[in-house]
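Hi,

Here is the structure for you to look over. My notes follow below.

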Amino acid sequence: MMKVFSTVLLAIIACCAVTEAKTFGKCELAKALANNGIAKASLPDWVCLVQNESAFSTSATNKNKNGSTDYGIFQINNKYWCDSGYGSNDCKIACKNLLNDDITDDIKCAKLIHKRHGFNAWYGWKNHCNGKKLPNVSSCF
């Protein structure tokens, strides 16, 4: 009986330790971005980027034709930015850490990508946001 109890208890602890993925709302995301150093003036671009890359979902993944994979709310690619044993790891983060509901490390990595390449690093932004009407986030603050 004690063995069964221990097994059940371990299963419950394991389930509780898993961080759930999350789908952000527009304003919730805008506030998280602002709280992590993204300038308010550029928030519409960031929100549009996330909307078109991951539909605001932290659990989004996308397999690319070149064999690489994009991870998380910003669709960060494992060929350059995160470690999955595939490519380089410029953000010094495990790709799996981009799939949980804590986007602090995702934002840090996205800021590095943006610093090096601007919004043009993301096809979702280039194809759906660049020169187009951006989401209004002024009511979020």
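First, the basis. This is a predicted model, where local features need pLDDT of at least 70, side-chain atom pairs count only at pLDDT 80 or more, and totals for chains, interfaces and linings use all residues. Residues are numbered from 1 along each chain as its sequence is written, and side-chain values use heavy atoms, without hydrogens and water.

**Helix pair**

The axes of α2 (residues 26–35) and α3 (residues 43–54) come within 10 Å and cross at roughly 125°. Helices are DSSP runs of H or I, at least four residues, and strands are E runs of at least two, numbered from the N terminus. Axes are lines fitted to C-alpha atoms over the stretch in contact, with angles from 0 to 180 degrees between N-to-C directions.

Lys26, Leu29, Ala30, Leu33 and Ala34 of α2 meet Leu43, Trp46, Val47 and Val50 of α3 (heavy atoms within 4.5 Å). This contact has 8 nonpolar residues, no polar and 1 charged (Ala, Val, Leu, Ile, Met, Phe, Trp, Tyr, Cys and Pro are nonpolar; Asp, Glu, Lys and Arg are charged; the others, Gly among them, are polar).

Best wishes
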